[in-house]
Amino acid sequence: MKNLSSEALTGNNSSSIKQLSEFDHEIFDLLVKNSFDMIVLMNANGEQTFVSASCEGILGFKPSELINIAVIDEKIHPEDQLTVNKAFLDIIDKGSHGGTQYRHIHKDGHWVYLEAFGNNLLEDPLIESVVLNVRDVTERKQTEKKLIENEDRLKELNATKDRFISIIGHDLKTPFNAIMGFSELLLDDIRNNEYTDIEEYAQLISESSHRVNDLLTNLLTWSRTQTGRISFKPKEIEIDTILQNVKALLNESALNKSIEINLPHNCNHKVNADVDMVHAIVRNLVSNGIKFTPEGGVISIHITSDKDYMQIAISDNGIGINEERLANLFCIESTKSTPGTNGEKGTGFGLLLTKEFVDMHNGVIWAEQNKGNGTTFKFTLPSSKCPSD
């Protein structure tokens, strides 16, 4: 390594050399050491021949650990190496000054975002190096990332607002119109002592009322998840008990379509989860399976687990889901209700709520097309060291 002097670092500006040579070298060294930026010299092969002491505060390495190495290959993030190498060659061949941002490994293993500006002084006999001024821009990158995340969140909130307006304008209006319309018909028949159709009208009013109630309940529950006001109380619970309770609750709906619900063998599966949320997750997915499975179909539930997570798979042999809808099942923009095989109606919010509840358990949920007919929904929950069936 060259014996660097203050003159060497200033280049060939004679007035600067004269002025700087009057500095005590100890003072100069303190200035370089305490700079917020790093001064780096690299030879034409991309090896660092000098790194100022400030590197230790930024990267955790002592200068001696960073010199005489091919820094691009050894310390730069693999995804950034091509960009950095091109920028280095541009400084040498095209006289550019860089401004490139990249990730450099810290001594403790995490990545630090750096930004480098440079000058090609390889032909200068005092320096014979590419001189780089390198600064830590990690905080700036984190701020930029946060801004992007906030922008994405704002887009999501706008989509939520638009969906709510759509729900108020259509999903709520339609059943209320049915309630008001059939109520007027019911009153007219009673006034005219015509009782032939009143039971039918009362039934339709009841169905519309229940639909409105379900929709409002789901809207309120979902809004509570978005504002963090929903109670989340995980504890060790038996998933088998929940599956049996859901089957008992939905068995009448399944029997009305001659659908069989098959549960896994009882082997005391346990998870660490909120019992009410897990019940809602399973109920929504099984109910969804019943809705889109024709008469005589089958819904099967399978469980696998490891030391960390349990996976529950709920499969049906129904009409399935097309690829386009499959990719957007859990987006608020796609919460439009689709009629079931017997014309069953829903609120369109079941899958959205299901995903919210799975997310609160740090689990994942997804759907797959079956090789034959139907769809399989799979989700994970924190395991409680239970065997798999």
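## Basis and overall make-up

Residues are numbered from 1 along each chain as its sequence is written. In this predicted model, local features need pLDDT of at least 70, side-chain atom pairs count only at pLDDT 80 or more, and totals for chains, interfaces and linings use all residues, while side-chain values use heavy atoms, with hydrogens and water left out.

The protein has 13 helices and 12 strands. Both are DSSP runs numbered from the N terminus: helices are H or I with at least four residues, strands are E with at least two. Of the 389 residues, 40% are buried (under 20% relative accessible area; exposed is over 50%, partly exposed in between; 1.4 Å probe, protein chains only).

## The five-stranded sheet

An open sheet runs in the order S2-S1-S5-S4-S3, with antiparallel pairing. Strands count as paired if DSSP finds at least two bridges between them. Strand S2 (48-51) and strand S3 (98-105) are the edges, each pairing on one side only. Neighbouring strands are turned by 30° against each other on average, direction ignored (axes are lines fitted to C-alpha atoms, for helices over the stretch in contact; angles run from 0 to 180 degrees between N-to-C directions).

Strand S1 (residues 38-42) pairs with S2 over three bridges, in the antiparallel sense. Met-42 stands opposite Gln-48 in S2.

## Nonpolar cores

A nonpolar core is a set of buried Ala, Val, Leu, Ile, Met, Phe, Trp, Tyr and Cys residues joined through side-chain atoms within 4.5 Å. The largest has 38 residues; Val-282, Val-286, Ile-314 and Phe-379 have the most contacts inside it. Elements supplying at least two residues each include helix H10 (239-256), strand S9 (298-305) and strand S12 (375-382). H11 gives the most, with eight residues.

Beyond its neighbours within four places in sequence, Val-282 is in contact with Ile-242, Leu-243, Val-246, Ile-314 and Phe-379 (contact: heavy atoms within 4.5 Å). Another core, of 26 residues, lies apart from the largest one; Met-42, Ile-58, Val-112 and Val-130 are among its residues.

## His-361

His-361 lies in the loop between helix H13 (350-360) and strand S11 (365-369). Its relative accessibility is 4%, so His-361 counts as buried. A polar atom of its side chain lies 3.0 Å from the backbone nitrogen of Asp-274.

Outside the four places on either side in sequence, the contacts of His-361 include Phe-232, Asn-272, Asp-274, Met-277 and Leu-381.

Technical notes:
Polar contact = N/O pair within 3.5 Å; in protein donor to acceptor, adjacent residues only side chain to side chain.
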